[in-house]
Amino acid sequence: MISLQEINSLPPPQFVAALSGIFERSPWVPERVTHARPFNSGLSLHAAMCAAVDRASIDEQLALIRAHPELAGRAAIRGELTPESTREQQGAGLAACTPEEFARLHQLNGFYTQKFGFPFVLAVKGHNRASVIAALEERVENTVEHERAVALREIARIAGFRLADLVDEPLGSRIIAMAEQLARFSERQDALVCSYLTPAHRATAALIRDWMLGAGLQVDVDAVGNVIGRWVGTAASSPTLLTGSHYDTVVDAGKFDGRLGILLPISVVAQLRGAGVRLPYTVTIAAFSEEEGVRFKSTFLGSRALAGRFDPAMLDSVDSDGTTLREAIRAAGLDPAEIPSAAFAAGDLLGFVEVHIEQGPVLLNESAPLGVVTSIAGSIRCLVSITGLAGHAGTVPMHLRRDAAAAAAELVLAIEKCCSGTPGLVGTVGQMQVPSGAMNVIPGRCELSVDIRADSDQVRDGAFAAVLADSERIAARRNVDIQWRKVLDVGCVPCAPKMQQLWADSISRVTGNAEVRRLPSGAGHDAMVMAGVTEMGMLFVRCGNGGISHHPSETLSADDADLAAYAFKDFLLNFPVPS
Ligand code: HGY
Ligand code: MN
Ligand code: MN
C-alpha cells in the first residue's frame, strides 16, 4: 500500500510508476493527472484518471482496452498476465475452468474479439466462471459503439478496485469522499433526491455493491434492493453481527443521513481485512434500500424485509405516477415473490448496530464528537385528506365557504399547539397541497401529511388523540370532511443496555474520555425495526451547521467520521461472542 500523502508528494516519474498497475499496461493514464495533485482522497484520484480516459482519443481508448488480456486466454495459459490480472482472474476461478468452460470461453472470446476488434473486458470481482460466461454471452450481442463504452466502464471499475487495494488513506476523509460520490446520483440536478428504485437509486446501489466487493465482502442484492455484504468470520458457522443503514434519501437531502452507516462499516472492514484481521463472527453490512418512505410512503421497507416484517399489502401502494411498488420492484429486475426469503434468520444474529449522524444539535452544543443512543422516538405518520367545496374566488361570500385549505391551515396550527410545550413531543406537517388548485378557485380539496413523535408512546398517543379531536371540531365548524389515513405507527424503541455499554466503552477507549454522552434519538432509524428481532445499539456522530439534517447543509467533519470509524473498529474488535 502507499499513502495518499506519498502519492501526492512523489516526483512525477515515481508517481506514475506507483500507479502503473491501475490501468492495465497504460501508464499514460496516471501520467495525465500528475499535474492535478494533490488529491484529497483515493476516490478523487480515481475520478481524475477516469476523466483522463474519457478525454483521450478513440485510438488511445481502444489501445487501453486492447492492453487487457483475454479472460482465461492464451496470456493466462502462458503465465504472461500482469500481477493484478493474475490475482483478479484467479479470484474469479478462471484458472480452474473445466474443459467445457474453457472451450466455451475460448469460443466466445473468439467471436467477441472478431466482432469488436478488442478483447472482452470485465471487472471480475464478485463474479464466478458461470457469471463471466453469462456476461460474455450477453455482451457479445452489443453494438461496437455501446460495447466500447461498456468496456471502458468495466476498466474504470477495475481501476477503482485496484486503487482501493493500493491507497492507504485516513478512514474519515475516505468516508466523506464516498458520501460525496454517492451524492452525485440524484433525480434532480439542483438537489440530492434518491428515492426508491429510481435510476439514481440503482446507480447508488451499484456503487455501494462495488465498494463492498472492493472491501472483500461477499455481496448479494436481495428482492427489495438491500445490498448485503458479508465478511465471514473464522468459525464456519459463525453467528452474525448485523450493521447498516439506508441509502435512500429525503427530497433535497444531506449526504450523510443513512449513508454514513453504510460507508463507515465498509471502510472499517476494508482496513481490518487489509491488516489481516479475522473476527470470530461474521460481520454483515446491510445497505437498506428504503427507509424514508418518500416514493411509496413505505417507511423502513428495506429493514422490514430483512427483519421478516414486510407487509405484502405494501406492494399495491402507488407512487405519484401511479406505478405500484410491485411494478417498481419488477422493473428493477427484482422479484417480489422472493421478499419473504430476504428475511434474516433471527437466530443467526448477535445483534444489530447502526452508526448514524445525530441529526440534531446536542453533541455539537456539548462539543462531543460521539454519543450513545438510549432510545429511538416512536412516530405516527398520517396522510390527511380534507374535502370542502370548490367555488368561484370572486363570487362566494366568505361566510358561505367550505374552504379545504383554510381548514388545513387551522389544523396545522392546532397540531403545532398540541405538540408544543411538552419536552420530546414534536408534530410536523411536512407536505400540504391543493390538488389541481388555481388562484381564482376556492380550494375544494387539500391534502397534508402529519408526523407526530415523542420519546414516550403515552405522550405521543395522547397528542395524537388531542389532534384528532381538534380535527373533528374544525370539520364540524367549517362543514368540511377530514379523513385520516395512518401510514406509519412505530412505538418508541429502547436500545439494548448491553449494546449501549459496549458503545460507551468503545467511545471511551478511542476518545480517552470516561464521560460518554448518552441521548435519545428524535429521528427514526432502521435500528428500531431490527430491534424487533435482535439486540440493537446505535452510535451517534456529531453533525455541524447547528445539527441540521434532511437538508443540503447537513455536514460531518472528516475528523469526526475518522473518530467514529475507530470507535466502530474498537466495537468490532471487542464485541463479546458467546462461546
Ligand atoms: O423521519 C425520520 O426520522 C427518518 O429520517 N426516516
Ligand atoms: Mn432521514
Ligand atoms: Mn436516517
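Let's start with Ala159, which you'll find in helix α10, the stretch covering residues 144-166. Keep in mind as you look around that this is a predicted model. Is Ala159 buried or exposed? Its relative accessibility is 0%, so Ala159 counts as buried, since the cut-off for that label is anything under 20%.

Now look for Ala47. Along the sequence, Ala47 and Ala159 are 112 residues apart. In space, though, their C-alpha atoms are 10.0 Å apart.

Next, let's move over to ligand 1. Where does ligand 1 sit? The space it takes up is the second largest pocket. Which residues are around ligand 1? They are Glu291, Glu292, Arg381, Arg453, Ala523, Gly524 and His550.

Let's zoom in on some of the contacts. Glu291 has a polar side-chain atom 2.9 Å from a nitrogen atom of ligand 1. Its sequence neighbour in the list, Glu292, also places a polar side-chain atom by a nitrogen atom of ligand 1, at 3.0 Å. With His550, the ligand atom involved is an oxygen: this oxygen atom of ligand 1 is 3.0 Å from an N or O atom in the His550 side chain. And how much of ligand 1 does the protein bury? Taken alone, ligand 1 exposes 210 Å², and the protein buries 94% of that.

Technical notes. Residues are numbered from 1 along each chain as its sequence is written. Chains are lettered from A and ligands numbered from 1 in the order in which they are written. This is a predicted model: local features need pLDDT of at least 70, side-chain atom pairs count only at pLDDT 80 or more; totals for chains, interfaces and linings use all residues. Side-chain values use heavy atoms; hydrogens and water are left out. A residue is near a molecule or strand if one of its heavy atoms lies within 4 Å of it. A polar contact is a pair of N or O atoms within 3.5 Å; within protein, one must be able to donate a hydrogen and the other to accept it, and residues adjacent in sequence count only if both atoms are side-chain atoms. Accessible areas come from the Shrake-Rupley method with a 1.4 Å probe; for residues, only the protein chains shown count as cover. On a 1 Å grid over the protein atoms alone, a cavity is a set of points where a 1.4 Å probe fits but cannot get out, and a pocket is an open set with protein on both sides within 12 Å along at least five of seven lines; lining residues have an atom within 4 Å of a point. A molecule sits in a cavity or pocket if more than half of its atoms lie within 2 Å of its grid points. Helices (H or I, at least four residues) and strands (E, at least two) are DSSP runs, numbered from the N terminus. Buried means under 20% relative accessible area, exposed over 50%, partly exposed in between (1.4 Å probe, protein chains only).
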